[in-house]
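Please consult the sequence and the coordinates alongside the text.

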Amino acid sequence: MKILVTGATGKLGSKVVEKLLQSVPANQLAVSVRNPEKAAGLVSRGVEVRQGDFDQPQSLVTAFAGIDRLLIISADGDNETRIRQHTDAVAAAERAGVKFIAYTSLANATESTNIMAPPHVATEAAIIKTGIPYTFLRNNWYLENEVGSIQGVLAGAPWVTSAGSGKVGWALQQDYAEAAAAVLLGNGHENKVYELSAPLLTQEELVAALSTVLSKEIPVQQVSDETYAEIMKGLGLPDFVIPIVVGIQESIRNGSLAVESNDFEKVLGRPVTPIKEALTQIVKEISQTN
């Protein structure tokens, strides 16, 4: 059996690869990356590194050749670009004769009002259309997405949000990575959709947990989307990013990530990392990089 992970030098992909290497010989694992030089460390460990660029579909057909089980990690970019890249990747997998596709999707993708949902809807549909057995890993929200806010709190700033009382199933990327690895290695996951969500929390509940971890009071400022946009601009975010981060706040406020599920436990065979433990890890990582 040969497994391939796309985007293997990214934050999630690298964690998936590390987890897989704990269970399978390196020669059963391949990765597809845009820039193979960045994956030189994997070559030295016996992993096959293949060049695959989501903007060059033919390179993906070559990269996916001879692969039994494929993990497509969703790419970055605007919705239109991601739809094109993802559907090209699915077509390449079909042409290469891949026998199973796992895909990192989004919570409640097909019903979602989330600003980031359209590429996931298109990709899931494209995978189903191929007839190739699949698993959709509908990842709720990475706790790491909140690192900027946590850094602000550590510097003495309040927690600023326009998400209101919207709930989120935050979990560590490590938990999402281990779920992806479990699906690639396990049996009985064919044609399944897993809603990978930790216990749901509001912004206030997340900050309360962070307050406990840091042993300090953290004020929460609920603001309008307009004020949130101004604050983000003041922090130096590029203009093109601001509508995205505001749209995410709006999507959370509208309940698009409030998906309750115990699928994490089903796939991992253990409970998801508790929020205080997860926040402690993030804070530790931040302090180590400063």
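Residue A30 has E48, in β3, as its bridge partner. The model discussed here is a predicted one.

Strands of a sheet pair through backbone hydrogen bonds, in either a parallel or an antiparallel arrangement. In this model the pairing is parallel, and seven strands build an open sheet whose order is β3-β2-β1-β4-β5-β6-β10. The edge positions belong to β3 (48–51) and β10 (192–196); each has a single partner strand, so one side of each lacks a neighbour in the sheet. From one strand to the next, the twist averages 20 degrees.

Helix α5, formed by residues 117–130, packs on this sheet. The helix touches β5 (100–106) and β6 (134–139), and its direction makes about 160 degrees with that of β5.

A further helix, α7, spans residues 173–185 and contains A177. Is A177 buried or exposed? Its relative accessible area is 0%, and because buried residues are those under 20%, A177 counts as buried. Which residues does A177 touch, leaving aside those up to four places away in sequence? They are L12, K15 and V16. With V16, the C-alpha to C-alpha distance is 4.7 Å, although A177 and V16 stand 161 residues apart in sequence.

Key. Residues numbered from 1 in each chain as written. Predicted model: local features only at pLDDT ≥ 70, side-chain atom pairs only at ≥ 80, totals over all residues. Heavy atoms only, no water. Pairing = 2+ DSSP bridges. Helix = DSSP H or I, 4+ residues; strand = E, 2+ residues; numbered from the N terminus. Axes fitted to C-alpha atoms, helices over the stretch in contact; angles between N-to-C directions. Contact = heavy atoms within 4.5 Å. Buried < 20%, exposed > 50% of the residue type's maximum accessible area, 1.4 Å probe, protein only.
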